[in-house]
Amino acid sequence: MACKKDEVDLESLVADIAQSKKYRHLGICEDTIRDLLAAELARHSKKSNAVKAARKKLHEVVAPYLGDLDYAKASGDLAAVFQTARSDTIKQTCAQTMQAHTTTRERLPVLAEFYHRIFQITGQPAAVLDIACGLNPLALPWMELPAASRYYAYDIHRQRVDFLNYFFSLQGRPPLAKLQDVLVDHPTEKADVALILKEAHRFERRQPGCTLPLLDALRVRYLVISFPTQSLSGRRSLAQQYRQLFLGLIKDRLWPVTEIEFENELVFCVDKLNT
Ligand SMILES: C[S@@+](CC[C@H](N)C(=O)[O-])C[C@H]1O[C@@H](n2cnc3c(N)ncnc32)[C@H](O)[C@@H]1O
């Protein structure tokens, strides 16, 4: 049975969590907190149990265990290296910065071929949506996109989004990183390619069945969706489990899929229009 709506002040519960010691410095998107609380309040009859469950889910979504940056230091390092205008040292500093977050760190050994192989399938995009981007926009120097291309990036950490917009400004790009929960508010920008890297399985854990409506809504020709192939401890292979999960999610769509397997990441390039 759900908590009674008139006994719950949802906005004050949202503010309590947003301003808590754990989350205040990160600036977590309030839509995310509201959405998780609303789902748990509908599931529990006791408010305290609902709040506890929402906090647990938020911990999974925000994933502090994946690591984070010292943003002030990283901004300073990047500003200094962009002044040199040397592409090798810029790449070195971007790679160092990407070390801070598990998902981008794991991709570093294959970064040189990662986007090359993906864009061989999708063609070089003039516009990209980086969905639940984390620090992945720092891989832009490896993507070799034209300066005029548009790179939209979405994340639920205010600090991360501000940092990415600063990074874009160093490159002379427009500040197209947005604080947006892509499950609550599907992106509406048009692009050639949407990158949904290493997050779809976590979307499904947050709210089973939420990924397909997002994939349907994205206004792009190609969806590039990836999954980790090793557990965080490195002990378990996850490739077959996530292949089944993904192919199951899109089983009712007639989308042609090309699979690429990298050392520790399984990538599906989906052609949404060619059906
Ligand atoms: C596991 S990391 C993946 C980062 C990146 N896609 C990559 O593969 O390098 C997940 C990132 O997605 C963000 N995120 C999680 N749920 C989100 C949502 N519903 N909307 C937007 N961003 C989200 C998190 O804040 C985090 O930065």
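Partly exposed means a relative accessible area between the buried limit, under 20%, and the exposed limit, over 50%. The views below all come from a predicted model.

**View 1. Q99 in the loop between helix 5 and helix 6.** This loop joins helix 5 (87–98) to helix 6 (102–107). Q99 has a relative accessibility of 40% and therefore counts as partly exposed. Leaving out residues up to four places away in sequence, Q99 touches R105 and L108. D68 lies 31 residues from Q99 along the chain, and the C-alpha atoms of the two are separated by 9.3 Å.

**View 2. Helix 1 against helix 2.** Helix 2 covers residues 30–43, and its axis comes within 9 Å of the axis of helix 1. The two axes cross at roughly 125°, so helix 1 is oblique to helix 2. The crossing is right-handed. From helix 1, the contact takes in L10, E11, L13, V14, I17 and A18. From helix 2, the contact takes in E30, I33, R34, L37, A38 and L41. By residue type, the contact of helix 1 with helix 2 holds nine nonpolar, no polar and three charged residues.

**View 3. Helix 1 against helix 3.** Helix 1 (residues 10–18) and helix 3 (residues 47–62) have axes that come within 12 Å. Their crossing angle is roughly 45°, and the two helices are therefore oblique to each other. Helix 1 passes helix 3 in a right-handed crossing. On the helix 1 side the contact is made by L13, D16 and I17. On the helix 3 side it is made by K47, V51, R55 and L58. The residues of this contact divide into four nonpolar, no polar and three charged.

**View 4. H157 in the loop between strand 2 and helix 9.** The loop that holds H157 runs from strand 2 (150–155) to helix 9 (158–170). H157 has a relative accessibility of 3% and so counts as buried. Neighbours within four places in sequence aside, H157 is in contact with L26, G27, I28, V62, D68 and L179.

**View 5. F168 in helix 9.** F168 is buried, and its relative accessible area is 0%. Not counting residues up to four places away in sequence, F168 touches P137, L140, Y151, A153, R173, P174, P175, L176 and A177. I17 lies 151 residues from F168 along the chain, and the C-alpha atoms of F168 and I17 are separated by 30 Å.

**View 6. A85 in the loop between helix 4 and helix 5.** Helix 4 (71–84) stands on one side of this loop and helix 5 on the other. A85 is not a glycine, yet its phi is positive, at about 60°. With a relative accessible area of 62%, A85 is exposed.

**View 7. K198 in the loop between strand 4 and helix 10.** K198 is found between strand 4 (190–196) and helix 10 (200–206). Although K198 is not a glycine, it has a positive phi of about 50°. Is K198 buried or exposed? At 3% relative accessibility, K198 counts as buried.

**View 8. Cysteines C133 and C210, with C29 as the nearest cysteine to each.** The number of disulfides in the model is zero. C133 takes part in no disulfide, and the nearest cysteine sulfur, that of C29, is 12 Å away. C133 counts as buried at 5% relative accessibility. C210 is also buried, with a relative accessible area of 6%.

Methods. Residues numbered from 1 in each chain as written. Predicted model: local features only at pLDDT ≥ 70, side-chain atom pairs only at ≥ 80, totals over all residues. Heavy atoms only, no water. Disulfide = S-S within 2.5 Å. Buried < 20%, exposed > 50% of the residue type's maximum accessible area, 1.4 Å probe, protein only. Axes fitted to C-alpha atoms, helices over the stretch in contact; angles between N-to-C directions. Helix = DSSP H or I, 4+ residues; strand = E, 2+ residues; numbered from the N terminus. Parallel < 35°, antiparallel > 145°, perpendicular 65-115°, else oblique. Left-handed = near helix turned anticlockwise from the far one by under 90°. Contact = heavy atoms within 4.5 Å. Nonpolar A, V, L, I, M, F, W, Y, C, P; charged D, E, K, R; others polar.
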